[in-house]
Amino acid sequence: MYTEREGLRLGLVGWVKNTYGGTVVGQVQGPADMVEEMKVWLSKEGSPGSRITRASFKNQRSIDKLELSGFKTRF
């Protein structure tokens, strides 16, 4: 819920999901500077009560247009 709120605040689209292993996976799209801001938030702050020990971001690429809409939490 907090990650979804932060993504929307930054004007991003995408999704996040908690895994059974206690990690979070997701996809974020939007302006590069806002994506970077989201990465900082995910790496340093995150949801209240979360314990961040490591953040890894993979498969980054530039896109011509957004492939998703909205920002959602998947279950």
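**View 1. Burial and surface of the predicted model.** Of the 75 residues of the protein, 21% count as buried (under 20% relative accessible area, with a 1.4 Å probe and protein chains only; exposed is over 50% and partly exposed in between). The accessible surface comes to about 5900 Å², and carbon and sulfur atoms account for 50% of that surface (Shrake-Rupley method, 1.4 Å probe).

**View 2. Elements and overall dimensions.** Two helices and three strands make up the elements of the protein (DSSP runs: helices are H or I of at least four residues, strands E of at least two, numbered from the N terminus). Their order from the N terminus is α-β-β-α-β. The radius of gyration is 12 Å, close to the 11 Å of the globule rule for 75 residues, so the protein is as compact as a globular protein of that length (C-alpha atoms; the rule is 2.2 Å times the number of residues to the power 0.38). The C-alpha atoms fill a box of roughly 35 × 20 × 20 Å along the principal axes.

**View 3. Surroundings of Glu37.** Glu37 is part of helix H2, residues 32–44. With a relative accessible area of 34%, Glu37 is partly exposed. Leaving aside residues up to four places away in sequence, Glu37 touches Arg9 and Leu10 (heavy atoms within 4.5 Å). Glu6 is 31 residues from Glu37 along the chain, and their C-alpha atoms are separated by 9.9 Å.

**Notes.** Residues are numbered from 1 along each chain as its sequence is written, and side-chain values use heavy atoms, without hydrogens and water. The model is predicted: local features need pLDDT of at least 70, side-chain atom pairs count only at pLDDT 80 or more, and totals for chains, interfaces and linings use all residues.
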